[in-house]
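Subject: The structure, and what I found in it

Hello,

Here is the structure I promised to pass on. Have a look at it first, and then read my notes below.

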Amino acid sequence: MLFRSPDDHRLVLPVLDDSVYGYRRVSVAAQQDDPGSLLNRIRQWIRVRQQLGVFGAGTIRFLASDNPRVLAFVRGDGAQAVLVLANLSRKVETVRLRGLQVAGDELAGTWMSVGGETGTSIDIVDEDSLRAELPASAIGWWTRVGQQNG
């Protein structure tokens with residue numbers, strides 16, 4: 001089905017036609033070619049959710065962090081745990097999580113990114129804490145190497 005442009009005089013409100021939020025910039029056609037667009041970010045999130053069963057059926061545990069601008073939680077189902085960090089600010093944020101246990105295990109081990117924006121990273125600081133750096137408005141997902149991925 002093809003869409004056609006409506007007649008401007010029949011619209012209740014005028015067409016938004018500016019350089020930031022206008023229909024020429026904020027449309028599926030414009031966002032499909034932009035890897036950083038909201039459309040492509042949502043598509044990536046949907047793919048990760050489909051690949052990792054814990055997002056649909058696992059438990060959720062919110063984690064205390066030293067940075068209120070970073071939301072941290074773990075989704076788990078006993079066999080698998082996914083650490084999720086979301087930067088809620090418009091600038092790069094660093095967060096340190098201490099005294100953690102993920103799915104009943106210590107944090108020690110190798111973590112693998114299973115999704116999220118480029119530039120997200122975590123480092124194990126010691127046996128019970130980690131440090132993460134997240135770009136502005138970024139989200140990252142990590143799972144333990146060797147765990148099943150859905």
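Let me start with one side chain. The side chain of Arg-75 comes within 3.3 Å of the backbone oxygen of Phe-55, and it also reaches the backbone oxygen of Val-54, at 3.1 Å. Both distances come from a predicted model, in which local features need pLDDT of at least 70, side-chain atom pairs count only at pLDDT 80 or more, and totals for chains, interfaces and linings use all residues. Residues are numbered from 1 along each chain as its sequence is written, and side-chain values use heavy atoms, with hydrogens and water left out.

Arg-75 sits in strand β2, residues 70-76 (helices, H or I with at least four residues, and strands, E with at least two, are DSSP runs numbered from the N terminus). A salt bridge is a side-chain nitrogen of Lys or Arg within 4 Å of a carboxyl oxygen of Asp or Glu. Setting aside neighbours within four places in sequence, the contacts of Arg-75 (heavy atoms within 4.5 Å) include Gly-56, Thr-59, Ile-60, Gln-80 and Val-82.

Now to the salt bridges, of which the count is two. One pairs Arg-69 with Glu-93, with the closest N and O atoms 2.9 Å apart. This pair links distant parts of the chain: Arg-69 is in the loop between β1 (59-62) and β2, Glu-93 is in strand β4 (residues 93-98), and the two are 24 residues apart. Glu-93 is buried, at a relative accessible area of 3%, whereas Arg-69 is partly exposed, at 37%.

Arg-131 and Glu-133 form a salt bridge too, and their closest N and O atoms are 3.8 Å apart. Arg-131 counts as partly exposed because its relative accessibility is 33%, and Glu-133 is partly exposed at 32%.

On the surface, Leu-16, Val-20, Tyr-21 and Val-26 make up a nonpolar patch with about 400 Å² of accessible area together. Patches are made of residues with over 30% relative accessible area and no salt bridge, with like charges joined within 9 Å and nonpolar side chains (Val, Leu, Ile, Met, Phe, Trp, Tyr) within 5 Å. Tyr-21, in the segment before α1 (28-32), is exposed, with a relative accessible area of 58%. Asp-17 also lies in the segment before α1 and is partly exposed, at 47%. Beyond its neighbours within four places in sequence, Asp-17 touches Gly-22, Tyr-23 and Arg-24.

Finally, the whole chain. It has three helices and eight strands, running α-α-α-β-β-β-β-β-β-β-β from the N terminus on. Of its 150 residues, 35% are buried. Among contacts in the chain with a separation of 6 or more, 55% are between residues 24 or more positions apart. The chain exposes about 9800 Å², and carbon and sulfur atoms supply 53% of that (areas by the Shrake-Rupley method with a 1.4 Å probe; for residues, only the protein chains shown count as cover).

Best wishes

How values were computed:
A polar contact is a pair of N or O atoms within 3.5 Å; within protein, one must be able to donate a hydrogen and the other to accept it, and residues adjacent in sequence count only if both atoms are side-chain atoms. Buried means under 20% relative accessible area, exposed over 50%, partly exposed in between (1.4 Å probe, protein chains only).
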